[in-house]
Amino acid sequence: MTDLSKIDLKSLSEQELQNLINQSKKQIKKLKTKKQDNLNSKDADVAAVADAVRQLAKTKKVTPALALSAVAKNMRVAMTPQRKPRATADVKYRHPQDPSKTWKGFGKRPLWLVEELNRGKKIEDFRVG
């Protein structure tokens, strides 16, 4: 490690100081990226593939995420896990005059039900069965 206390910052010009700052920022970014890579990948083979994708993406001027999504699409592999399908539920509430207006009892109450409740009706009046 270089002894930074030996650098006489007072003797450097504004341009030289700016270059030093830029070099420091680049080095910090490299160290953070390397540290993150080490945290994300325990397997050496995975790290090698990730590095290869990064390098190839850089040469082709695309983002690594775009490159990986294209590879996954071509291999018909989902990038994110498939969501488990929701269980079907029976209708619990129905509008008396318009049977197409229903609510299964999950989530926010539909506007038609809120309006009827505001008019003084009770939720039990709309219960099915």
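1. Basis of the note. The model is predicted: local features need pLDDT of at least 70, side-chain atom pairs count only at pLDDT 80 or more, and totals for chains, interfaces and linings use all residues. Residues are numbered from 1 along each chain as its sequence is written, and side-chain values use heavy atoms, with hydrogens and water left out.

2. Secondary structure. The protein chain holds four helices and two strands. Here helices (H or I, at least four residues) and strands (E, at least two) are DSSP runs, numbered from the N terminus. In sequence order the pattern is α-α-α-β-β-α.

3. Burial and surface. Of the 129 residues of the protein chain, 9% count as buried. Buried means under 20% relative accessible area, exposed over 50%, and partly exposed in between (1.4 Å probe, protein chains only). The accessible surface of the chain is about 11900 Å², and carbon and sulfur atoms contribute 56% of that surface. Accessible areas come from the Shrake-Rupley method with a 1.4 Å probe; for residues, only the protein chains shown count as cover.

4. Contacts along the chain. Among contacts in the protein chain with a separation of 6 or more, 20% are between residues 24 or more positions apart. Contact means heavy atoms within 4.5 Å.

5. The nonpolar core. The largest nonpolar core has six residues in all: Tyr93, Trp103, Trp112, Leu113, Ile123 and Phe126. Such a core is a set of buried Ala, Val, Leu, Ile, Met, Phe, Trp, Tyr and Cys residues joined through side-chain atoms within 4.5 Å. In soluble globular proteins, nonpolar side chains tend to be buried together. Setting aside residues up to four places away in sequence, Trp112 touches Tyr93, Arg94, His95, Lys101, Thr102, Trp103 and Phe126.

6. Which residues of H4 are buried? They are Trp112, Leu113 and Glu116. Seen down the axis of H4, these buried residues fall within an arc of 95°, so they line one face of the helix; the arc is that of the directions from the helix axis to the C-beta atoms. The cover over the buried residues of H4 includes S1 and strand S2 (102-103). On the face turned away from the buried side, H4 carries the exposed residues Leu111 and Asn118. Just after H4, Gly120 adopts a positive phi of about 110°.

7. Glu116 lies in helix H4 (residues 111-118) and is buried, with a relative accessible area of 8%. Apart from neighbours within four places in sequence, Glu116 is in contact with His95, Lys121 and Phe126. A salt bridge is a side-chain nitrogen of Lys or Arg within 4 Å of a carboxyl oxygen of Asp or Glu. The side chain of Glu116 forms one with Arg119 (2.9 Å, N to O) and one with Lys121 (3.5 Å, N to O). Arg119 counts as exposed at 61% relative accessibility, and Lys121 counts as partly exposed at 36%.

8. How many salt bridges does a search of the whole structure find? The search finds three. One of them joins the side chains of Arg54 and Asp51 (2.8 Å, N to O). Both residues lie in helix H2 (residues 44-60), three residues apart, about one turn of the helix. An α-helix has 3.6 residues a turn, so residues three or four places apart point the same way. Arg54 is partly exposed, with a relative accessible area of 33%, and Asp51 is partly exposed, with 40%.

9. Ala89 is found in the loop between helix H3 (64-74) and strand S1 (93-94), and is partly exposed, with a relative accessible area of 23%. Not counting residues up to four places away in sequence, Ala89 touches Lys104 and Phe106. The C-alpha atoms of Ala89 and Phe106 are separated by 9.3 Å, with the two residues 17 apart along the chain. Gly105 belongs to the loop between S2 and H4 and counts as partly exposed at 30% relative accessibility. Gly105 and Ala89 are 9.0 Å apart in space, C-alpha to C-alpha, and 16 residues apart in sequence.
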